[in-house]
Amino acid sequence: MSGEEEENAAELKIGDEFLKAKCLMNCEVSLILDHKYEQLRHMSEDPLNQVSQVFEKSLQYVKRFSRYKNPDAVRQVREILSRYQLTEFELCVLGNLCPETVEEAIAMVPSMKSC
C-alpha cells in the first residue's frame with residue numbers, strides 16, 4: 001500500500017501485509033489459547049503462576065466474544081465461509097459478528113458488495 005493511500009477497512013484498504021495474512025476468528029483463538037492454558041495447567045499445580053495477565057485477559061476476551069465453542073462447529077463455520085470469494089479479513093469479520101441477513105453482512109463488511 002502506498003504511503004499516499006489512507007487505510008480504510010470498509011474498502012479493504014488495509015495494506016498488503018494484512019490482506020495476505022492468515023486471520024483467525026475469536027472462536028479459533030479461543031481454542032488455541034484454551035489448549036495452551038491446559039498445557040500450562042498440566043505443567044504446574046498452580047497454572048496462574050505461569051500465565052501472564054495479558055494471556056488471561058486475552059483468553060477471557062475471546063471466550064466472551066466467541067459464538068462457537070465446539071471445535072467441529074468452528075471448522076464448519078470456516079469451511080462454509082471459505083466457499084465464497086472472501087478475503088481472510090472479511091471471513092473473520094463475518095465469523096465473529098454472525099450477521100443474520102445479507103444486508104446486515106454488507107453493512108458490516110461493505111467491501112463484500114463486489115462479491
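**Pocket lining and a salt-bridge network**

The lining of the largest pocket is made up of 14 nonpolar, 3 polar and 1 charged residues. In this division, Ala, Val, Leu, Ile, Met, Phe, Trp, Tyr, Cys and Pro count as nonpolar, Asp, Glu, Lys and Arg as charged, and the others, Gly among them, as polar. The model is predicted: local features need pLDDT of at least 70 and side-chain atom pairs count only at pLDDT 80 or more, while totals for chains, interfaces and linings use all residues. Residues are numbered from 1 along each chain as its sequence is written, and side-chain values use heavy atoms, with hydrogens and water left out.

The volume of the largest pocket is about 450 Å³. Among its 18 lining residues, L81, Y84, L94, A105 and M112 are the closest to the centre. Two or more lining residues come from each of the elements α4 (71–82), α5 (88–97) and α6 (102–108). Helices are DSSP runs of H or I with at least four residues, numbered from the N terminus. A pocket is an open set of points on a 1 Å grid over the protein atoms alone, where a 1.4 Å probe fits and protein lies on both sides within 12 Å along at least five of seven lines; lining residues have an atom within 4 Å of a point. Grid points are joined across faces, edges and corners, and the volume is the space filled by probe spheres set on the points.

The structure contains 6 salt bridges, each a side-chain nitrogen of Lys or Arg within 4 Å of a carboxyl oxygen of Asp or Glu. In one of them, K22 pairs with E88, with the closest N and O atoms 3.9 Å apart. This pair links distant parts of the chain, 66 residues apart: K22 is in the loop between α1 (16–19) and α2, and E88 is in helix α5. E88 also forms a salt bridge with R78, at 3.3 Å between the closest N and O atoms. Here R78 belongs to helix α4 and E88 to helix α5, 10 residues apart.

K22 is exposed, at 57% relative accessible area, E88 is partly exposed at 23%, and R78 is buried at 12%. Buried means under 20% relative accessible area, exposed over 50%, and partly exposed in between (1.4 Å probe, protein chains only). Salt bridges that share partners join K22, E28, R78 and E88 into one network.

E28 lies in helix α2 (residues 26–43) and is buried, with a relative accessible area of 12%. Apart from neighbours within four places in sequence, E28 is in contact (heavy atoms within 4.5 Å) with C23, V74 and R78.
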